[in-house]
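Trainee: I am new to this structure. Please take one part and walk me through it closely.

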Amino acid sequence: MKSNSTFISDISKKVFPIADKVAAKTIRNPILALIQNDYPDFDANKLLAISELNRYREKYISNYLLVEIGELSNLEAKVIGSLSEDKSLVNTVEDENGDRTVGQKVADKVAAFGGSWKFIILFGVFILLWILANIYILLNKGFDPYPFILLNLILSCLAALQAPVIMMSQNRQEEKDRERAKKDYMINLKSELEIRMLHEKLDHLIMHQQEELIEIQKVQIEMMNDILARIK
């Protein structure tokens, strides 16, 4: 039975001491929203006990912690997912060994051999043997006497053929280098965008946390004031 020293809670319909009475209009909006979620008819004119209010305050803090843990997990998943998309850029720096034509393979081999010490030594030995054979063995009366016109013709033809072949290989290498530079630029650009996205997410998360922490501090202060009031 209700008396002047007691009241009935509009939530649980139980009787509580009048000292535990809390008016709905004095409750902070986030906590009031939680109560109204369970009791839609609970408006600013309703009453509840301090113990019931503390239960919803604890629920509010618990919900906040769960939401923050979920946001951190989602942030981690988004970052990992966006970084994994970068795999296609890194792995597409192609190895052209299996995609070359016969002419390109020949050009690469000629360029590799023509630019090596092996070619220089072998060609030097060939020229030296040619000269010695015509001067000392054939006594400068052979098929290519001094001044070695045939040898000069062979060298000229070799240089005329070797130069464009080496240029073909160099041009293809330059195209390959340009493609790699383009992919490096794409990777760097992707990394920059990822870093900017991370900064934006962290800024948003920090601002959101600050607002929620301030609200939690206010709720905790209210709870402490209620405890101190009851102790007094």
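Mentor: Contact here means heavy atoms within 4.5 Å. Keep that in mind, and keep in mind that this is a predicted model.

Start with R57. R57 sits in helix α2, which covers residues 50-84. Is R57 buried or exposed? R57 has 4% relative accessibility, so it counts as buried; the cut-off for buried is under 20%. Which residues does R57 touch? Leaving out residues up to four places away in sequence, R57 touches I31, I50, V219, E222, M223 and D226. R57 also has a polar partner: its side chain and that of N54 are joined by a polar contact of 3.0 Å.

One of the residues touched by R57 is I31. Follow I31 into helix α1, residues 29-38. The buried residues of α1 are I31, L32, L34 and I35. They span an arc of only 155 degrees around the axis, which places them on the same side of α1. The other side of α1 has N29 and N37, both exposed. An α-helix has 3.6 residues a turn, so residues three or four places apart point the same way.

Now step back to the whole chain. The chain has six helices and four strands. From the N terminus, the order is β-β-β-α-β-α-α-α-α-α. Of the 232 residues, 23% are buried. Among contacts with a separation of 6 or more, 64% join residues 24 or more positions apart. The accessible surface is about 16,500 Å², and carbon and sulfur atoms account for 62% of that surface.

Next, the aromatic rings. The structure holds four aromatic pairs. Take F7 and F16: their ring centres are 6.1 Å apart and their planes lie at 35 degrees, so this pair is tilted. F7 is buried, at 2% relative accessibility. F16 is buried as well, with a relative accessible area of 15%. Elsewhere, F119, F123, F126 and W130 form one aromatic cluster.

Last, the record. An unreviewed UniProt entry places the feature "transmembrane region" at residues 119-139 and 145-168. In the model, residues 119-139 are 90% helix and 0% strand, with the end C-alpha atoms 28 Å apart. Residues 145-168 are 83% helix and 0% strand, and their end C-alpha atoms lie 36 Å apart.

Key:
Residues numbered from 1 in each chain as written. Predicted model: local features only at pLDDT ≥ 70, side-chain atom pairs only at ≥ 80, totals over all residues. Heavy atoms only, no water. Phe/Tyr/Trp six-rings, centres within 6.5 Å; stacked < 30°, edge-to-face > 60°. Buried < 20%, exposed > 50% of the residue type's maximum accessible area, 1.4 Å probe, protein only. Helix = DSSP H or I, 4+ residues; strand = E, 2+ residues; numbered from the N terminus. Polar contact = N/O pair within 3.5 Å; in protein donor to acceptor, adjacent residues only side chain to side chain. UniProt positions renumbered as here; feature names shortened; annotations may be inferred. Arc of directions from axis to C-beta. Areas by Shrake-Rupley, 256 points an atom, 1.4 Å probe, with all protein chains shown as cover.
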